[in-house]
Protein chains: 2
Amino acid sequence: MRISDLESGIKAIASDRVQGASELARQGLRLCADWCRTAPADDPHVFKKGLLDLGDRIARCRPSMAPVHNMAWLWRDRVVPLRDSDTDNLRREAAEIAMGLIRASEQATREAAKQAQNVISSHQTLFTHSFSSTVLETFKLARLRGVQAIISEGRPQCEGYKLAQQLSAWSIPVTLITDAQSGYFVNNAHLVMVGADSLLPDGSVINKAGTYLLALAAQAQRIPFFVCCESFKQRRDVTTPAELEEMEPDALGAPSVEGVQIRNVYFDITPSHLVTAWIDEHGIRFRETPPQPTAYRASGRA
Amino acid sequence: MRISDLESGIKAIASDRVQGASELARQGLRLCADWCRTAPADDPHVFKKGLLDLGDRIARCRPSMAPVHNMAWLWRDRVVPLRDSDTDNLRREAAEIAMGLIRASEQATREAAKQAQNVISSHQTLFTHSFSSTVLETFKLARLRGVQAIISEGRPQCEGYKLAQQLSAWSIPVTLITDAQSGYFVNNAHLVMVGADSLLPDGSVINKAGTYLLALAAQAQRIPFFVCCESFKQRRDVTTPAELEEMEPDALGAPSVEGVQIRNVYFDITPSHLVTAWIDEHGIRFRETPPQPTAYRASGRA
């Protein structure tokens, strides 16, 4: 692997607009593992320093996605104590740590989806927004119980289309709508189930823009609102405020007009008081605590 | 005017996806006036009966848009007592009634926009959704006071783009966003100002899908939510429940997949308890009464 491949690999993670946070976190770890195995290395000490720098860079490349940060940082933390006397050993061990974290993340996703089955009854209709690998896994497990799906498209990239296609391939009947119709259609669902890009310490949820509106409508119409994701989604960095990444305005496809600023804040925050329960690989936690306000700000292209 | 021109004129109103309810109501009346003046007529009695049938048809062609119904029905009501002894007189009088109603509607729109100025302060930012001729007029009057606009695109037709272009031509700074970002951006506005396709007797508002979500977010963040429209928007037909028209699923532009049903319910209902005040040509009415539930159902392609 050449340095140019590494750079384009990091760039691909930073600019990805379709995959969920867990998938991108694993993609980051795979990049680390590939780099460990095949990067040029003369001096093992310098090589190790490069690995730590790589973990640091990946950890910072998606500020709204906690698992990208958490898993790259976890990998980095476990690489720190490795001995750098033997490059081949270092390559093998550091790559194995990355692959082990990927397996742990995949296992946690499957376990979280299993836990989610406990809140889903047969023949129920689940409303979801955006593309979450944990929610996908949840549908995969629930498909034999005759569940149905309502999916909002997820402007601007419309990753809801991809999810609809996948669920349909599993013979799950799907209703596909614009994000703006969520307020009307949430009442046709038994429950809302979304993933998360990050969970904040107070239980509020960073997820694709539109999730907050869906949660408001669910609460107004007394539809349970579940967040299902592995615990790697918990934002561990408490030193900086949570950031909502802003993406290219071109993605909207709106005509460029002088005096019109197109904004594409890609995520929003759903406050914890709108969440019925949080589901992860360890179990289901229903909300008990009163709502806490969460400060947040837009980043990136603002 | 031939019968085929009349049919295509009615079809154009029924299938229009961009213009607001008031504009379409006037377009219906213009069609009536044109038909009065130029339709073939042998027997004045038969001709008059045709006019009444025309009023009836136009009144029913947009079930979510009260003014289309109200104005066509008002015209019909005033044509009923006209004498049908003289075709030329009948043509002139019936056409003049239609044109008079158009002028009254335009005047009411201007007056409502003038009333709206009373809730807008200089340099404020107004958030609006969809394309309303009354809101457009409101911005036109407010533009010299340095107001700014936040506009959600209004999927699936994105009529927000047209509004953004118009406001920008008046040197009003515009921020254009996806509908899904409304929850985040409403907090950047001083107030929300929307038009309406219909006002229901309890004060709830039929408007473009997404309005309800915006109102929920405005309430959650304590941003005032104003509805500004002429009184022709009040739904007078109380014999049938309010209908939310459903449009072509193709309009979403989503890929057609077996097992995936694409829905395009074009309107939603914002309950009255989310409305801060209703503005029309007579003045501003702040909400005092407690919320009332409103029954509604989707129609058309459901």
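1. R62 of chain B is located in the loop that joins α3 to α4 (66–79) of chain B; helices (H or I, at least four residues) and strands (E, at least two) are DSSP runs numbered from the N terminus. Leaving aside residues up to four places away in sequence, R62(B) touches I13(B), A14(B), D16(B), R17(B), L24(B), V68(B), E245(B), M247(B) and F267(B), where contact means heavy atoms within 4.5 Å.

2. On the basis of the note: this is a predicted model, in which local features need pLDDT of at least 70 and side-chain atom pairs count only at pLDDT 80 or more, while totals for chains, interfaces and linings use all residues. Residues are numbered from 1 along each chain as its sequence is written, chains are lettered from A and ligands numbered from 1 in the order in which they are written, and side-chain values use heavy atoms, without hydrogens and water.

3. An open sheet of eight strands runs in the order β12(A)-β11(A)-β7(A)-β4(A)-β1(A)-β2(A)-β3(A)-β9(B), with mixed pairing; two strands pair if DSSP finds at least two bridges between them. Its edges are β12 (283–286) of chain A and β9 (260–262) of chain B, each of which pairs on one side only. From one strand to the next, the twist averages 25°.

4. Within chain A, β1 (residues 125–129) and β2 (residues 148–152) pair in the parallel sense over five bridges. F127(A) has I150(A) as its bridge partner in β2(A). Helix α5 (residues 87–116) of chain A packs on the sheet and touches β4 (191–194), β7 (225–228), β11 (277–280) and β12 of chain A. The direction of α5(A) makes about 135° with that of β11(A); axes are lines fitted to C-alpha atoms, for helices over the stretch in contact, and angles run from 0 to 180 degrees between N-to-C directions.

5. Helix α4 (residues 66–79) of chain A packs against α5(A) at about 145°, the axes being 10 Å apart. M71(A), L74(A), W75(A), R78(A) and V79(A) of α4(A) meet A94(A), I97(A), A98(A), L101(A), I102(A) and S105(A) of α5(A).

6. In chain B, α3 (residues 44–60) and α5 (residues 87–116) pack at about 20°, with axes 10 Å apart. These helices, α3(B) and α5(B), are therefore roughly parallel (under 35 degrees; over 145 is roughly antiparallel, 65 to 115 roughly perpendicular and the rest oblique). P44(B), F47(B), K48(B) and L51(B) of α3(B) make the contact with T87(B), L90(B), R91(B) and A94(B) of α5(B).
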